[in-house]
Amino acid sequence: MRILIIEDDEKLCESLQFQLKREGILSDTCSDGEDGLDMIRQQAHDLVLLDRMLPSLDGLTILDRMRQEQIMTPVILVTALGDLNDKITGLNSGADDYLVKPYEFQELLARIRCISRRPIGLELSSEISMGNIVYNPSLQQLTGRGGKQVLLSKREGALLEFFLRNPRQTLPRLTILTRVWGPNAEVEEGNLDNYIHFVRRRLKAVNAALTLKTIRGVGYCLEESDV
């Protein structure tokens with residue numbers, strides 16, 4: 001598991017990185033809002049630990065832009081603002097959880113583990129669109145140009161949904177396996193490649209203006225393309 005910590009308190013960042021590493025969780029850090037949003041767009045993380053008050057761009061604005069761009073990486077919003085209205089605002093902005101400073105590391109760890117156990121299908125059940133396709137997770141139905149439709153298997157649907165919720169991001173193989181198959185699943189290396197092939201066939205069947213690119217040595221990325 002890899003977490004992105006966007007926090008302008010450098011000492012807190014160092015402490016969190018050290019404690020997370022002891023728990024087997026890798027992390028990247030950023031102290032600026034604009035830079036943090038760029039990292040979210042360009043890199044795949046399993047979760048974002050997001051401070052609300054940041055230089056250049058505040059946490060709520062980052063969260064709002066993420067959701068507008070259909071980047072559905074889970075977010076724990078961390079802030080010293082503990083008023084009920086502040087919590088409601090944060091959660092309504094798209095945060096998956098809200099943690100008030102100061103907090104105990106064990107509580108943060110429990111919340112991280114809770115989110116990591118959440119099946120992808122429970123994150124959001126609404127239809128997801130990208131390019132000229134619409135995917136309905138509850139029906140596992142993919143609709144493309146001209147109303148063409150295909151039904152996906154449960155695993156194909158979970159894989160496509162993960163890419164659609166993280167568009168234009170390079171997703172490492174390990175991250176895909178962890179999020180789609182589960183953190184403790186024993187999966188043969190070639191199994192992912194097989195399902196990537198299946199999803200590409202589904203996209204082609206509905207004339208999707210999308211390309212599921214192989215990023216050699218890293219993983220895969222779903223991008224818009226011309227048909």
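Domain bounds here come from an automatic or database domain assignment, and on that basis the chain is divided into domain 1 (2-116) and domain 2 (128-224). Residues are numbered from 1 along each chain as its sequence is written. This is a predicted model, in which local features need pLDDT of at least 70 and side-chain atom pairs count only at pLDDT 80 or more, while totals for chains, interfaces and linings use all residues, and side-chain values use heavy atoms, with hydrogens and water left out.

Colour the two domains separately; the C-alpha centres of domain 1 and domain 2 lie 26 Å apart. Where they meet, 14 residues of domain 1 are in contact with 13 residues of domain 2 (contact means heavy atoms within 4.5 Å). The area buried between domain 1 and domain 2 is about 1,000 Å², with carbon and sulfur atoms giving 38% of it; buried area is the accessible area (1.4 Å probe) that two parts lose on being put together, summed over both. Select A44, D46 and Q70 next, which supply 48% of the area that domain 1 buries against domain 2, more than any other three residues.

How many salt bridges are there between domain 1 and domain 2? The count is zero, although the structure holds 15 salt bridges, each being a side-chain nitrogen of Lys or Arg within 4 Å of a carboxyl oxygen of Asp or Glu.

Now select K101 and E7, which form a salt bridge whose closest N and O atoms are 2.9 Å apart. K101 lies in the loop between β5 (97-100) and α5 (105-116) and E7 in the loop between β1 (2-6) and α1 (10-22), so the pair ties together parts that are 94 residues apart in sequence. Helices (H or I, at least four residues) and strands (E, at least two) are DSSP runs, numbered from the N terminus. Staying at K101, look at the peptide bond to P102, which is cis, with omega about -10 degrees.

Move on to Q140, in the loop between β7 (133-136) and β8 (141-143); phi of Q140 is near 55 degrees, a positive value in a residue other than glycine. Most residues other than glycine have a negative phi, and most peptide bonds are trans.
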